Amino acid sequence: MINRPIYTIFLWIYAIFYVLAGCNHFLSTAVYYGIMPKWLPAPGFLIYFSGVLEIVLGILLLFRKTRKVAAVLIILMLIAFLPAHVYMIQKAPFLLGKISVTPFIAWARLPFQLLFIGWAWYYYKKPV
């Protein structure tokens with residue numbers, strides 16, 4: 001079992017990550033259009049909605065009473081984001097703003113999705 005201070009530090013890191021990622025949907029909206037699969041309807045709505053969702057779920061992780069539901073919803077959200085990651089793999093190489101997304105970078109993002117799903121699962125199982 002991980003000790004309480006480390007648990008809390010990593011919880012805050014994880015929560016802040018989602019809040020900042022969600023804010024980025026509003027600050028760098030054009031970048032998200034570049035990775036949005038063309039077959040998804042209402043890309044603008046989906047970009048802003050996912051930004052709000054990330055912010056809200058990041059905040060909900062910080063409270064013991066909402067931590068488990070936030071963790072499950074984060075897992076579902078990350079699964080819902082998988083088409084965007086697959087689209088990036090199919091589209092690579094391409095420029096995303098000033099960043100060159102190579103096939104390697106596009107593929108390398110997938111294991112991070114699994115890491116983030118596992119991290120959320122940990123907080124679901126141990127909502128301390």
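Mentor: One term to start with: two residues are in contact when they have heavy atoms within 4.5 Å. Keep in mind that this is a predicted model.

Trainee: With that cut-off, which residues is Ala-120 in contact with, leaving aside its neighbours within four places in sequence?
Mentor: Tyr-14, Ala-71, Ile-74 and Ile-75. Ala-120 is also one of the buried residues of α6.

Trainee: What makes a group of residues a nonpolar core?
Mentor: The members must be buried residues of the nonpolar kinds, Ala and Tyr included, joined through side-chain atoms within 4.5 Å. The largest such core has 17 residues, and Tyr-14, Tyr-18, Leu-61, Ile-74, Leu-78 and Ala-120 touch the most other members. At least two residues of this core come from each of α1, α4 and α6, and α4 gives the most, six residues. Another core, of 11 residues, lies apart from it and includes Tyr-32, Ile-35, Ile-89 and Val-101.

Trainee: Why is His-25 called buried?
Mentor: Buried means under 20% relative accessible area. His-25 has 5% relative accessibility, so it counts as buried. This residue is found in helix α1.

Trainee: What does the side chain of His-25 reach?
Mentor: The backbone oxygen of Ile-47, at 2.9 Å. The cut-off for a polar contact is 3.5 Å. Leaving aside neighbours within four places in sequence, His-25 is in contact with Tyr-32, Ile-47, Tyr-48, Ser-50, Gly-51 and Glu-54.

Trainee: How do you know that the span of helix α6 agrees with its number of residues?
Mentor: Helix α6 covers residues 103-125, which is 23 residues. At 1.5 Å a residue they should span 33 Å, and the end C-alpha atoms are 34 Å apart, so the two agree.

Trainee: Which residues of α6 are buried, and what do they pack against?
Mentor: Ala-106, Gln-113, Phe-116, Ile-117, Ala-120 and Tyr-123 are the buried ones. They pack against α1 (4-27), α4 (64-80), α5 (82-91) and β2 (99-101).

Trainee: What lines the largest pocket, and how much space lies in it?
Mentor: About 890 Å³ lies in the largest pocket. It is lined by 35 residues, and the closest to its centre are Tyr-32, Ile-35, Phe-81, His-85 and Arg-109. Two or more lining residues come from each of α1, α2 (29-35), α3 (43-60), α4, α5, β2 and α6. Of these, α3 gives the most to the lining, with six residues.

How values were computed
Residues numbered from 1 in each chain as written. Predicted model: local features only at pLDDT ≥ 70, side-chain atom pairs only at ≥ 80, totals over all residues. Heavy atoms only, no water. Helix = DSSP H or I, 4+ residues; strand = E, 2+ residues; numbered from the N terminus. Expected span 1.5 Å × (residues − 1). Buried < 20%, exposed > 50% of the residue type's maximum accessible area, 1.4 Å probe, protein only. Polar contact = N/O pair within 3.5 Å; in protein donor to acceptor, adjacent residues only side chain to side chain. 1 Å grid on protein atoms, 1.4 Å probe; cavity = no way out; pocket = protein on both sides within 12 Å on 5 of 7 lines; lining within 4 Å. Points joined across faces, edges and corners; volume = space filled by probe spheres on them.
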